[in-house]
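Hi,

Here is the structure I promised to pass on. Have a look at it first, and then read my notes below.

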Amino acid sequence: MANNSTLTPKPAQSTVASQPNRLAKGGQIERSLPLSFEFDGQQLGAFSGDSLASALLANDIKLVARSFKYHRPRGIFSAGSEEPNALMTLGKGKYREPNCKATSVELYEGMAARTQNAWPSIGFDVGALASAFSPFLPAGFYYKTFMWPSAFWERIYEPIIRQAAGLGSASTLPDPDQYDVQHEFCDLLIVGSGPAGLAAAIEAGRAGLRIMLCDEDFAMGGRLSSEKLHIGDQNCAEWANSCLAELASMPNVRICASTAIVGRYDGCTYLGVQKLSGGPLSKAQQTYAEKLWIIVPAQVIMSTGATERSLVFGGNDRPGIMLASAVRTYINRFAVAPGKRAAIFTCCDDGWRTINDLKAAGVEVVAVIDSRETVKNEVLALGANSSAKVMLGATVIGTKGWKGLRQISVSDQQGDVSKFEVDLLAVSGGWNPNIALATHLGGKPIWCEEISSFKMASDDRVENVQIVGAAAGQYSLGAALNGGLKAASLVTGIKAKFVLPKTDDECFGITPLWVLPKSVGKNSKGQKSRGKAFVDLQNDVTNTDIDLAWREGFKNPEHIKRYTTMGMGTDQGRTGTVNGLAQIAEANNEPMGLTGNITGRPPYVPVRLGTIAGLHRGKYFRPTRRTSAHEAATELDAHFVETGEWLRPQWYTKAGETNWLQSVTREAEAVRKSVGVCDVSTLGKIDVQGSDAAEFLNRVYINNMAGVAVNKVRYGVMLREDGFVMDDGTAARFGQNHFVISTTTANAGKIMQHLYYCHQVLWPELDVQMISVTEQWAQYAIAGPNSAKAMKLLVGDYLDLSDEAFGFMACAEFSLDGIPARAFRVSFSGERAYEIAVPAQYGQSIFNQLLSLGKEWDITPYGTDALAVLRIEKGHVSGPELVGQTTAKDLGFGGMMSKKKDFIGRVLAGRAALIEPDRPSLVGVRPVLKDDRFSSGAQFLPVGSSPVADNCLGYISSVAYSPHVGSWIGLGLIAGGSERIGEKVRAYDPVRNKDTLVEIVSPVFIDPKGARLRA
Amino acid sequence: MRINCPYCGNRDVAEFSSMGEEPAKRPDPQQADAQTAFVDYVYLRNNPAGPNKELWYHGQGCRQWLRVNRNTLSHKILGVSLAAGGDQNGK
Amino acid sequence: MKYSLFSLAANTLTKHKNWKPALVDAHPKAKYDAIVIGGGGHGLATAYYLAREFGLTNVAVLEKGAIGLGNVGRNTTIVRSNYLLPQNGVFYQHALSQWETLEKELNYNVMVSQRGVVNLFHSDAQRDAFARRGNAMRLSGADAELLGRDKVQKMMPFLDFDNARFPIMGALLQKTGGTVRHDAVAWGYARAASELGVDIIQNCEVTGFEISNGRATGVQTTRGTILSEKIGISVAGNSSMLAQMGGFRLPIESHLLQAFVTEAVKPLIPNVITFGAGHFYVSQSDKGGLVFGGDLDGYNSYAQRGGIYTLRDVVESGMAIMPMIGRIKLLRSWGGTVDMSMDGSPIIDRAPVEGIFVNAGWCYGGFKATPAAGLSFAHLIARDEPHKIAKAYTLNRFASGHIIDEKGQGAQPNLH
């Protein structure tokens, strides 16, 4: 991917001269585009196309990190996302991002990189004292100590451990970046653009398939950019570039560099993460830092390559010790010599290929150390033109150089030790196919002796996946190219047309060297490996840690992993875990692969949480639902409350009001004394039609709905099948076969789902259809003694509102000056009240019209708080009582439960515990001392009893200040219910430091006979 | 996971909600041991590790209830049909 | 072999060559006084308490794979007792008090870190619901404080107080809640149980029950038949499978719960935080990773892997309260199979088959319950009567209606 940093590249002040390890020519870098960057405050130069790691190496910087536990100096170990050491913090302030792998970060102009986990500096790190104490700190030491005194764990030990642990330090400011999300449905997803992936892409692309070709690297081509091999008469990197050029010209191929496929999920769904920009983005750019891809391909080719393994020997972690493949990458792709005098330590043929690349880069190779006693002639030939000392059957047994490698000790076959002064040791322990993605769905890798590693048993053709190239153990260039072509032709269904030129055919023989034997060398001089031998560089896990865990009974690889933390780092142990598994297998005397393998867990590489959240951030975390009259309410200084996703006016502040209680009380009084209007559009509305509509509703409500007359409304309660109350609302019958029912705001979706269930699953034979019309209709309650007058001014010309024609619980459909409208004479407040519903687009104008027509009576808009005051005064239940734990009887609806019909929940509502007489049931509460205030959530306790759960009688569910009563009042559920009326109990509210004496009263505080409803 | 809705086509699982294993037919509320039968119906499940006959609701699509035969070990969908009209095997 | 600073120092001198095994793999005997099926946290704790509290040492724990790799090794390590209903409140408070002394009792540092659990609320109605819960917790013997917005902001200035879709209005705080190093719990119980004589038998899968005259007399396993008059099932998500072998059904569905961890960063989040307007809970491990989780994927599953939808939902929820975490990277995600009961509360009871006992239905709550579940289940197995803290956790409650439905969601497991 081209560098699209925000800052214009500065003039070429940074030259090759200032990059001492930069080779004069070669590489895939853009020498015409110099970049400058900052490393621990030092200004350095590099080129476009560099990774941060290659830029550091070009500037001869080798000490780049301190290890996790012992704070040992560490250098760059790899050239990809498998990097265990070179983790850095990029950016400053709100842009600070910890734990970035220098080996996979594309350098951009102005990058500010800092080392982490070191204090006061990377060169002098006090934390390195831990190394001195390391004998006391074996694997799992913390499980054996820090137990006394027990209060010290949180106060002393844990804070120290926590401060010492952790890698980089994260910003505490909101992430300033924006992230995009995109879905892709393609014919073929190709993961990895090395030889196999490119061959497959060319073949399938020419056949016209819609392809997405991804690579986690910022440059496409995989190992083709890193090796000096030939395809036909082309250098392999050139071949890759020509393929990519052809693919770029195909409209059916999408090429995504910097795009890691991080997860494989059920249903052939893949998660990808694309880095879109390296540096900080300016506001003006309005663009995204990363993109989350959700990909649903028809077919998948996993050409994910392989990762080279480390070797485990004493002192194998010093800066300057690097994977042989990474050495070749830095030389061939980045034109950087990662050292001046080098040795190679290998147990496989592949390591030998590094000799000539080093030599070409002008690096002196002093020794090639191969642990195998015999090596094929054609491999030996790779060292033929070199002055390097070839040592077969030999091993590195120790290293020197605190901040960078200075010397290695090598034991030969006989046990004689020689020393070499080197600053670079290329290690090659063989290759592991990158099968993590393939294992995400639970596929189990098998051990393959031929490559001495794990691979997938077979392609997963069921899920349309083929694994090809090095990922399938097809290590040589020719094999990989062929593998890619073959897979593509299986996808296209036609014979591969692309003719492969002759390619180099490398050797990949291996005799793995998992861990140095206790004693090296055949004679009595038997040498021991000296110094810590790390299996997991990132988590500082050594071979002795694994030994100790094994001795302590942790013999299952999964136990050892958890006990020692092997493989738990940000690299998921990609360069080390197999070595550790081999050590365990050897200890258990089991063949490899029997108990442990290398299944991966998503994500394949770490992913920013911001990228996963994508666009759903801040105010856009979830949708905001506004009613039609939202703007009008805003103009009236409404204070809004979140009701699920809805915003509802909670109260309206009038000039001069200084707190919410004043506003709410004024609104409630206005309804009691004159008239108020409330937006009730958010309540669920479901239109139910059909010849069996009445029968259907009869089965879902506890009361008789079939008996509702046309143009009448009935209050109703629904139970769940387990017998507890699910919801309440009204059913308005507009015709023999037509009802509109209402639900609570919170349960609108749930009830819709429930009704569809009842119809489609339980009683598909009923002739009934239903649909949610919540959003389609705006609805307003007009309540209070003057409501009829206001209502008459609005609809009087179109609807007869006389008590005879439109009495309590009447409803009607009518045309309001050409607008379809519905009116209901229902009341939640206990006052004479109406509700009017119009299509949503007319909602705001009807609301405003009501306010202007009602001026004569000082019509008052009221919010949900006043609504609550009014309903609590009237003893109506609502959300706080409909909590899914109450029965109809608990809430005073026992009498509504029809005995003449079946309905959902009837049978189980009859269970013993649901009909116990002393179940907490609905009552009213008021303070014994008039001015006392209690709160919702207080628990009822008998006076004089101790505050323990056994004494609890129930709780207060709803509380409001009642202007009508002149004190705070509430509803609650108390054992025995109405039998306790007149009793005094404690309202115990310790979390608010309150304990109030209250009297249990009837839940109806106003107009128990209902005269006001009809007034 | 993706479910092939008979109305809407192949859609991401995010559009659906699962009600779990479909219990046997809703008992006759008039039967003698109706309460016991309803307790079994509402609460007891086979909960198999393998193919499972489930009910799903396509709430963000056609709002149809579906019978889905799905393997709880592999998450593979073995069959999908409309609850109103489809058979118990999800065909 | 006692663990202490001194033994660590002493063993340092001998280069740690002399530590005795903490995990001892036993071979099955023909007959035991009691068998516990399942070598997870609950099973191992049950065996330990059988030996320690009830003197039953001829006990076997049968684990089909390796111990401690199910939910005890997959959870988000949170312990708390902030329950609304007294049946749960009293039980979980007992568990919390056991956690407080567990490291001494087991002589194993399970890293009980009482760093406080903060449940954020975002509306008046939610504040009242949390007040009700907090008051109920106080009645059950737990600690609870209701914090206003200012206090929350002082404690956690990094939360989104400016631009949140659901503004933070305050929180319910349980100071004694916190985290425990999950793997260590399994290992600590296993080591302590082994030392008391319990046989922990790995790679021994139960394939059926020996039942004669309606009474269980043993189990068939992949390593032969093992006899016992008392058989406890403690297998979380696999409970229904064992029930099926015993010929009965349970009010349980197995569901998928994902968990997540980020790369390690320096101390950032001081306590356990949960979001009130979405599904998200988070704490920071001692190693530095943010450990978090959220809602179930929502469908029955034994697959131990989740999907993208839930991943996004959980991370969106995390970003909604703490937008600073956007540049912290997700390291790993995994899934566990949880035994979701029909009312969201557990079952510790006799099975319909005599001689078989069931410990199941733990939903999200299994880990934090471990000491109390082990103790109660051991009590039931040893004495054939429920422990006083677990009396309500009967199988019969579904028939009688004495259900324990914290969330009021009814018989729909994926909503609990």
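Pro149(A) sits in the loop that runs between helix 3 (141-144) and helix 4 (152-164) of chain A. The peptide bond joining Trp148(A) to Pro149(A) is cis, with omega at about -15°. Keep in mind that this is a predicted model, so please check these spots yourself.

There is another cis bond in chain A, between Trp119(A) and Pro120(A), and there omega is about 0°. Pro120(A) belongs to the loop between strand 7 (112-114) and helix 2 (129-133) of chain A. I picked these bonds out because most peptide bonds are trans, and most residues other than glycine have a negative phi.

Ser258(A) is not a glycine, yet its phi is positive, at about 50°. You'll find Ser258(A) in the loop between strand 13 (253-256) and strand 14 (259-265) of chain A. Is Ser258(A) buried or exposed? Ser258(A) has 22 other C-beta atoms within 10 Å, and 20 or more count as buried, so buried is the answer.

Chain B has a case too: His75(B), again a residue other than glycine, has a positive phi near 65°. His75(B) is placed in the loop between strand 5 (65-71) and strand 6 (77-82) of chain B. With 24 other C-beta atoms within 10 Å, His75(B) is buried.

Now for a helix pair in chain A. Helix 12 (residues 543-551) and helix 13 (residues 557-564) of chain A pack at an angle of about 120°, and their axes are 10 Å apart. That angle makes helix 12 of chain A oblique to helix 13 of chain A. Their crossing is right-handed. Which residues meet there? From helix 12 of chain A come Asp545(A), Ile546(A), Ala549(A) and Trp550(A), and from helix 13 of chain A come Ile560(A), Tyr563(A) and Thr564(A). Sorted by class, the contact between these two helices has five nonpolar residues, one polar and one charged.

Last, the overall layout of chain A. The domain assignment gives domain 1 (16-136), domain 2 (179-306 + 433-492), domain 3 (308-430 + 510-532), domain 4 (626-681 + 776-870), domain 5 (684-772) and domain 6 (917-1014). Between the C-alpha centres of domain 3 and domain 6 of chain A there are 82 Å.

Cheers

How values were computed. Residues numbered from 1 in each chain as written. Chains lettered and ligands numbered in written order. Predicted model: local features only at pLDDT ≥ 70, side-chain atom pairs only at ≥ 80, totals over all residues. Domains from an automatic or database assignment. Axes fitted to C-alpha atoms, helices over the stretch in contact; angles between N-to-C directions. Helix = DSSP H or I, 4+ residues; strand = E, 2+ residues; numbered from the N terminus. Parallel < 35°, antiparallel > 145°, perpendicular 65-115°, else oblique. Left-handed = near helix turned anticlockwise from the far one by under 90°. Contact = placed C-beta atoms within 7 Å. Nonpolar A, V, L, I, M, F, W, Y, C, P; charged D, E, K, R; others polar. Buried ≥ 20, exposed ≤ 12 C-beta atoms within 10 Å, placed from the backbone.
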